[in-house]
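Student: I would like to learn how to read a model of this kind, feature by feature. Where should we begin?

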Amino acid sequence: MDNRQRWVLALTSGASLMVVLDMLVVTTALDAIRRTLGAGIAELEWTVNAYTLSLAVFLMTASALGDRFGRRRVFVAGLALFTVASAGCALAPGIGAVIAARAVQGLGSAMIMPLAFSLLSAAFPPAQRAKALGLFSGVTGLGTLGGPLLGGAIVQGLSWQWIFWLNVPLGLAVIPLVLARVPESTGEARRLDVPGLTLVTGAALGVVWALIHGNDHGWDRADVLGPLLAGLVFGAAFVWWELRSPAPMLTMRLFRSRAFSAGNAGGFLLYASIFGSAFFLAQFLQVALHYGPLKAGLALVPWTVTLTLIAPFAGARIARAGERPLLAGGLLLQAVGFAWIALIAGPGLSYPLLVPPLVVAGAGVSMAMPAAQHAVINSVAPREIGTASGTFNTLRQLGGTFGVVILAGVFSATGGYGSPEAFSAGFGPAAGTAAALSLAGALAGLWLPGRRVESEVAEPVLEVSR
């Protein structure tokens, strides 16, 4: 790496870490939010999903804006919006205001994540990209799995509002560095697909609303079945429109590529299992095992530390081994780890028994993350890197949203918050569901083509300027 590449890697990884932390730093704070604001399981789901859903549905639009107007410019605007919305979360007087501010945070994050990915891909040629993505995955993955630790420390040492205040000085520090050190780049100018954005937003909101409220109130209600049907109709209309649009938000022909389709399917299921598990693991430690927030975060370190050690190593080995063994093998390991947790979960669980499955699951996700990203990015032409990046990030965030909803539905059907025994009764089946999602992702990984040498991938030609 030259000095410019080091700065790009450091700043895009750092900004993405801040975004990913806010996806899951709230998990250790959920019990405190539930108690102080009187939130139920549905409100807790929306506290997480308002962020990830807003992030998911605006990713492709933000990616198109970056390709047209400059990736660095839109990236910085996203950092500014994210910082302001973080202050709004901290100042919110009730759970409804928290959820609304989290949705705005997600919009800012949608302007950061795909453009960080595109800026990084533009700065590194194919021969270096796999290793760079491995390092990027190691840093951002630390946020995915280390968020509960930071959240626990802040909640116990200060209050849950400070998990959001922390973003304000970080955002103010990163913005001028990005302007000074990251070169501007653009992609193929595309018209904004406003109908596509409207349809995909309606589809995601309708289905997620129905799943959350169906789990909470029952499935025989008009205010559940109506949004579900509307979401499905919007989803079908979105696919129909994208196949015919002169400037589609999502280029459907890309899914003809096995590598593109399998990498995105694996990423969707990978993040569904991670987000769903993270939503409940920290709560299990606090509600069922009576840990404080900090102790709960520390107890999840075996899950976190494997990612920082293995993801860079796995990313560097993709060119030699190919994506298929790393994606399929990693998700299989994660399935084993979550199934193990499901079998031993209970109010009397001794913590040392929880460490081995956490390590196994962490090792699995460390292998699968960079493999899924690399499979998608290297399956498209250079001019389509921005589209591929936005698609991958959109599907993984939607995966995280649906993972929380699906596991929460299983939890609500079998357990509750009434006692440690009731929580454990719901948590075990939820962890088993995360294992099933991981296993499905491993099967998707097997669909990837065999190893492709780097010389088969064209080097991107992008307009770069200071």
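Tutor: Begin with contacts, where contact means heavy atoms within 4.5 Å. In this predicted model, residues 24 or more positions apart account for 85% of the contacts in the chain with a separation of 6 or more.

Student: What ground rules apply to the values?

Tutor: Residues are numbered from 1 along each chain as its sequence is written, and side-chain values use heavy atoms, with hydrogens and water left out. As this is a predicted model, local features need pLDDT of at least 70 and side-chain atom pairs count only at pLDDT 80 or more, while totals for chains, interfaces and linings use all residues.

Student: How many helices and strands are in the chain?

Tutor: Helices (H or I, at least four residues) and strands (E, at least two) are DSSP runs, numbered from the N terminus. The chain has 18 helices and 2 strands.

Student: Which elements have the lowest and the highest mean pLDDT?

Tutor: pLDDT is the predictor's confidence in each residue, from 0 to 100. The chain averages 82, and 90% of the residues score at least 70. By element, the lowest mean pLDDT is that of strand β2 (residues 463-465), at 34, and the highest is that of α4, at 92. Over residues 453-466 pLDDT stays under 50, and the model has 33 contacts beyond four places in sequence for them.

Student: What share of the residues count as buried?

Tutor: Buried means under 20% relative accessible area, exposed over 50%, and partly exposed in between (1.4 Å probe, protein chains only). Of the 466 residues of the chain, 60% count as buried. Threonine 401, in helix α17, is a case, with a relative accessible area of 0%. Not counting residues up to four places away in sequence, threonine 401 touches Asn49, Thr52, Leu53 and Val208.

Student: How do I read the sides of a helix?

Tutor: An α-helix has 3.6 residues a turn, so residues three or four places apart point the same way. Take helix α9 (residues 167-181), with its 15 residues. The expected span of a helix is 1.5 Å times one less than its number of residues. For α9 that should be 21 Å, and the end C-alpha atoms are 21 Å apart, which agrees. The buried residues of α9 are Asn167, Val168, Gly171, Val174, Ile175 and Val178. They cover an arc of only 125 degrees around the axis, so they lie on the same side of α9; the arc is that of the directions from the helix axis to the C-beta atoms. The exposed residues Leu172 and Ala180 are on the face of α9 turned away from its buried side.

Student: What covers the buried residues of α9?

Tutor: The cover includes α1 (3-24), α4 (71-91), α5 (95-110) and α8 (162-165).

Student: How many aromatic pairs does the structure hold?

Tutor: Rings of Phe, Tyr and Trp (its six-membered ring) pair if their centres lie within 6.5 Å; planes under 30 degrees apart count as stacked, over 60 as edge-to-face and the rest as tilted. The structure holds 13 such pairs. Phenylalanine 255 and phenylalanine 260 have ring centres 5.0 Å apart and planes at 80 degrees, so this pair is edge-to-face. Phenylalanine 255 is partly exposed, at 27% relative accessibility, whereas phenylalanine 260 is buried, at 0%. Phenylalanine 268 and phenylalanine 402 make a tilted pair, 6.4 Å centre to centre with 40 degrees between the planes. Phenylalanine 268 belongs to helix α12 (residues 258-288) and phenylalanine 402 to helix α17 (residues 385-414), so the pair ties together parts that are 134 residues apart in sequence. One aromatic cluster is formed by Phe279, Phe280, Phe411, Tyr417 and Phe423.

Student: Which residues is leucine 149 in contact with, leaving aside its neighbours within four places in sequence?

Tutor: They are Thr28, Leu294, Gly297, Leu298 and Val301. Leucine 149 lies in helix α7 (residues 126-157). The C-alpha atoms of leucine 149 and leucine 294 are separated by 6.6 Å, although the two are 145 residues apart along the chain.
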